Every structure is written in structure tokens, then in C-alpha cells.
Amino acid sequence: MQERLAEIYTDGSCHTQHKIGTWVAIVFTGTNKTILSGTVKDTTHNRMELMAVLKAVEYLKIHLVNITTIKVYTDSQYVAGLPVRKEKLAKADFSSGKGNPLQNADLVKTFFETISKLSIEFIKIKAHQKSTDIVNYNREADMLSRKLLRTAVEEIGI
């Protein structure tokens, strides 16, 4: 069976004072580039980082069912580190060491369910890199996410 690769570049932004967030995922399959994005109220930065990955993987599951391998490039240590923490989090019933519910437990559970049957690799990359001659799609996702956030904040008159 021939490998069918999708590469996903994600980023999320949040205006923490007003709890407005945005997420962007740039999905590459072969020579096709698809940009997905959204705006969410009453949210956090980590939720937006997770949402970008979830929406991109959901998109692939619906529109590109023949994908066999997925690489997710993220500047979020939170997202990149979740897969290795799965067993520990599940064993603790998605609670902290002090017994408090894990922040974002709903999305974390959805994240694990969504990626469970996929061949998916998370690649942590450096955030906010400077522009160079080399195309950096994580930088593009970051710029798009921040632009969406500025627009969302302007729309509510802040």
C-alpha cells in the first residue's frame, strides 16, 4: 500500500483578557493546500492550539479518507506533548495530581479519540520564527491566526 501523506501546520491565538480565540490549520495533501480557520469565544490559548489540530484531522477524515500518514507541525509544547502523556492522563481520569479536573479535559479526550486510529506524528517547531527565503507554513499559520484575532477583537469594539 502506497503511503498517502498529509502535512498540517497549526497555530492558535487568544486574547486572554477578552477570551476570544482563533485557530488556523494549513493542510497539504500532495500539491493541494487547504486553509482552515475559526474564531471561538470564551476560550484559552491551549484550546485554540488543540482546536486547530482537531479541525484539520476531522477535515482529513471527511474529505481525504485515503490519507495513511499525517504529520502535524506545531509550535505548541502542550499539543506536541499530549500523545506521550495519554496513559498518565487517562489513568488519572483526566485530573491533576491534586484531583482537580484537567483544564481542557473535554478537548483532550476528543483529541485522543480523534488521533487514536491514525498514523500521526507531532513535530514541535520553534514559534515566531523570522521571515527567511525558506517558506515556513507555521509562520503563515501564526500570521493568519493573529490577523483573525485582530479582526475578531475589532468587531466587538475593543
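Here are legends for several close-up views of this predicted model.

**View 1. The largest nonpolar core.**
Let's start with the greasy middle: the largest nonpolar core has 32 residues. Which residues have the most contacts inside it? They are Ile8, Leu50, Leu60, Leu82, Val108 and Phe111. The elements giving two or more residues to this core are β1 (5–15), β2 (20–29), α1 (45–63), β4 (69–74), α2 (77–91) and α3 (105–115). Helix α1 gives the most, with 10 residues. Zoom in on valine 108 and, skipping its neighbours within four places in sequence, you'll find contacts with Leu50, Tyr78, Leu82, Leu89, Phe94 and Leu102. Apart from this core there is another one, made of 8 residues, including Tyr9, Val24, Phe28 and Tyr73.

**View 2. Helix α4 and its buried side.**
Helix α4 covers residues 137–155, which is 19 residues. At 1.5 Å a residue it should span 27 Å, and its end C-alpha atoms are 27 Å apart, so the two agree. Now look at what is tucked away: the buried residues of α4 are Asn138, Ala141, Asp142, Ser145, Leu149, Ala152 and Val153. Because they cover an arc of only 100 degrees around the axis, they sit on the same side of α4. What do these buried residues pack against? Their partners are β1, β2, β3 and β4. Over on the other side of α4, Lys147, Glu154 and Glu155 are exposed. Just after the helix comes glycine 157, with a positive phi of about 75 degrees.

**View 3. Asparagine 138, a buried residue in α4.**
Asparagine 138 has its place in helix α4. Buried or exposed? Its relative accessible area is 3%, so asparagine 138 is buried. Leaving out neighbours within four places in sequence, asparagine 138 is in contact with Tyr9, Thr10, Tyr73, Thr74, Asp75, Ile125 and Lys126.

The model has 7 aromatic pairs. In one of them, the ring centres of tyrosine 9 and tyrosine 137 are 5.5 Å apart and the planes are at 55 degrees, so this pair is tilted. It links distant parts of the chain, since tyrosine 9 is in strand β1 and tyrosine 137 is in helix α4, 128 residues apart. Tyrosine 9 counts as buried at 13% relative accessibility, while tyrosine 137 counts as partly exposed at 24%. Together, Tyr9, Phe28, Tyr73 and Tyr137 form one aromatic cluster.

**View 4. A pair of phenylalanines.**
How far apart are the ring centres of phenylalanine 111 and phenylalanine 122? The distance is 5.5 Å, and with planes at 45 degrees this pair is tilted. Phenylalanine 111 belongs to helix α3 and phenylalanine 122 to strand β5 (residues 120–124), 11 residues apart. Phenylalanine 111 is buried, with a relative accessible area of 0%. Phenylalanine 122 is buried as well, with a value of 16%.

Strands β2 and β3 pair in the antiparallel sense over 10 bridges. Which residue stands opposite isoleucine 26? It's isoleucine 35, in β3. The two strands form a hairpin with 2 residues between them, and glycine 30 in the turn has a positive phi of about 60 degrees.

**View 5. Loop residues with a positive phi.**
Most residues other than glycine have a negative phi, so keep an eye out for exceptions. Aspartate 42 is not a glycine, but it has a positive phi of about 55 degrees. Aspartate 42 lies in the loop between β3 and α1, and at 63% relative accessibility it counts as exposed. Aspartate 93 also has a positive phi, near 55 degrees. You'll find aspartate 93 in the loop between α2 and α3, where it counts as exposed at 59% relative accessibility.

**View 6. Threonine 43, a buried loop residue.**
Threonine 43 is found in the loop between β3 and α1. With a relative accessible area of 4%, threonine 43 is buried. What does threonine 43 touch, not counting residues up to four places away in sequence? The list is Cys14, Lys19, Ile20, Gly21 and Met48.

Key:
Residues are numbered from 1 along each chain as its sequence is written. This is a predicted model: local features need pLDDT of at least 70, side-chain atom pairs count only at pLDDT 80 or more; totals for chains, interfaces and linings use all residues. Side-chain values use heavy atoms; hydrogens and water are left out. A nonpolar core is a set of buried Ala, Val, Leu, Ile, Met, Phe, Trp, Tyr and Cys residues joined through side-chain atoms within 4.5 Å. Buried means under 20% relative accessible area, exposed over 50%, partly exposed in between (1.4 Å probe, protein chains only). Helices (H or I, at least four residues) and strands (E, at least two) are DSSP runs, numbered from the N terminus. Contact means heavy atoms within 4.5 Å. The expected span of a helix is 1.5 Å times one less than its number of residues. The arc is that of the directions from the helix axis to the C-beta atoms. Rings of Phe, Tyr and Trp (its six-membered ring) pair if their centres lie within 6.5 Å; planes under 30 degrees apart count as stacked, over 60 as edge-to-face and the rest as tilted. Two strands pair if DSSP finds at least two bridges between them.
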